[in-house]
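Open the model in your viewer and keep the selection tool at hand. This tour goes stop by stop.

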Amino acid sequence: MLINFTFSNFKSYRSETEFSMVACEDITQDSGSLLTIPSSDELKLLPLAAIYGGNAAGKTSFTQALLSLKHMVCEGKVEYVMPFRLDEESRNTPSYFEIVIVCEEDVWKYALSVFGAKVVNEKLTNVSADRRVYIREDDGSVHFNADYFSAKSDEEIKMANVMAGSIPQESILLTELRRHQGVLQDMARICDKIFHWFYHVLQIKEPGLLGPVPSIVYNHQEFSKILAAAGTGISSLSIRKLTLKELGAPVDALVIVERTMKEGDVRPFGDAIITKENGELYAYKCGTEHVLPSGKIEQFELWEESEGTKSFINLLPVLNNPAARPYVYVIDELDRSLHTKLSRRLIERHLEMVRAGVPQQLIFTTHDVLLMDDELMRKDEIWLVDRYTDGTSELKAFVEYKEAESETNIRRSYMQGRMGGVPDINL
């Protein structure tokens, strides 16, 4: 689960910005939906967060900050990070990302500072044990905490520091370490846990990017029922297993995929997913079925469906998690092409699953003020983004405003602009 995300000098966010999923102790509304942490009886996490703001305020930039951190960890390389460009100092200052997560019952803090194509600083801490795992300095040197790895001798720690310090500064240490054996094997096990969280648990969905994630392919019968019940006109999802030749994908792209995929790997590829089974690459392509008045089934390609239907299909994994695996869903523009009733039902179903014991969180940006309902969301689950005349964005929790404590109608107070987060229109 996600506890905190802090970042600075990223696009319109110049100053340090902290986003928290920690529940306010003095808000008792819907306490049954709060998530607990095994290592802490006191800390409660929110299952939901909605981020509101005017156009170009910085809502998408927030999701892109998380996405940028995920990409760098998963790819193992520093990618270009756009700093705040409206002052000279920021253009020449590193961008900073820090995330606090729950992974395998422990709380971990991972911090990464990058500038240009290099890592300036990188640090991993086990918060539950109150001990640093490693720190990487701006000269590329790495220092493992001998107290954390007490089973290793001083000589082994020195050797581990030298080996880790030889990793290029263009590479993410966390990602590189997870592949190592020998003296770095203990470090690799820890890093692999954190990498798994970024790769599997953190699911970030951007508007306009549609691809059937593995859960849609492997749970298409259950998802078909949801689609039919949602009034989309779709009777069922169809899944076709194809060879790569039948898929008709560009040869150059497939060569890269084949070279990098391992047995059992699954990767989105356009409107299909590619997987490696028994040494061979196969594609699973997702389509839809509609029932004609005659009772005949008509097959449709995914791209032939409406934007609203495609958006809803892309959100299906949020609505069904039979294995009760931990997921953190981050969705930019939840209400994109969706009717308010459908968006609301998606949120309600997510909360129903959480109350039933499914450990997942849903974080989304939206313009839909009808979702800002006291009966649907707690006050501490609402965030507001403002962009000021100097071009900087500020993300602020609703509960940070003095008026929030006494306000009983959160939608009304938001629309009146008393707490920010609404566009300043002078047309």
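## Charges over rings

Select K241 and Y282: the charged end of K241 sits over the ring of Y282, 4.5 Å from its centre. A charge sits over a ring here if NZ of Lys or CZ of Arg is within 6 Å of the ring centre and within 35 degrees of the ring normal. Now go to R178 and F195. The charged end of R178 lies over the F195 ring, 3.7 Å from its centre.

A word on the ground rules. This is a predicted model, where local features need pLDDT of at least 70, side-chain atom pairs count only at pLDDT 80 or more, and totals for chains, interfaces and linings use all residues. Residues are numbered from 1 along each chain as its sequence is written, and side-chain values use heavy atoms, with hydrogens and water left out.

Switch to cartoon view. Look for an open sheet of 7 strands in the order 2-1-6-7-8-9-10, with antiparallel pairing. Its edges are strand 2 (17-20) and strand 10 (142-144), each pairing on one side only. On average, neighbouring strands of this sheet are turned by 10° against each other, direction ignored. The angles come from axes, lines fitted to C-alpha atoms (for helices over the stretch in contact), and run from 0 to 180 degrees between N-to-C directions.

Strands (E, at least two residues) and helices (H or I, at least four) are DSSP runs, numbered from the N terminus. Two strands pair if DSSP finds at least two bridges between them.

Next, select 118-126 and 131-136. These are strands 8 and 9, paired in the antiparallel sense over 5 bridges. Within them, L124 stands opposite Y134 of strand 9.

## Aromatic rings

Rings of Phe, Tyr and Trp (its six-membered ring) pair if their centres lie within 6.5 Å; planes under 30 degrees apart count as stacked, over 60 as edge-to-face and the rest as tilted.

Show Y134 and F144. They form an edge-to-face pair, 6.1 Å centre to centre, with 70° between the planes. The pair links distant parts of the chain: Y134 in strand 9 and F144 in strand 10, 10 residues apart. Y134 is buried, with a relative accessible area of 0%. F144 is buried at 5%. Buried means under 20% relative accessible area, exposed over 50%, partly exposed in between (1.4 Å probe, protein chains only).

Then select F5, F7, F10, Y13, F19, F62, F97 and W383. Ring pairs link these into a cluster.

## Last stop: S61

S61 is in helix 1 (residues 59-75). At 13% relative accessibility, S61 counts as buried. Leaving aside residues up to four places away in sequence, S61 touches F10, K11, S12 and Y13. Contact means heavy atoms within 4.5 Å.
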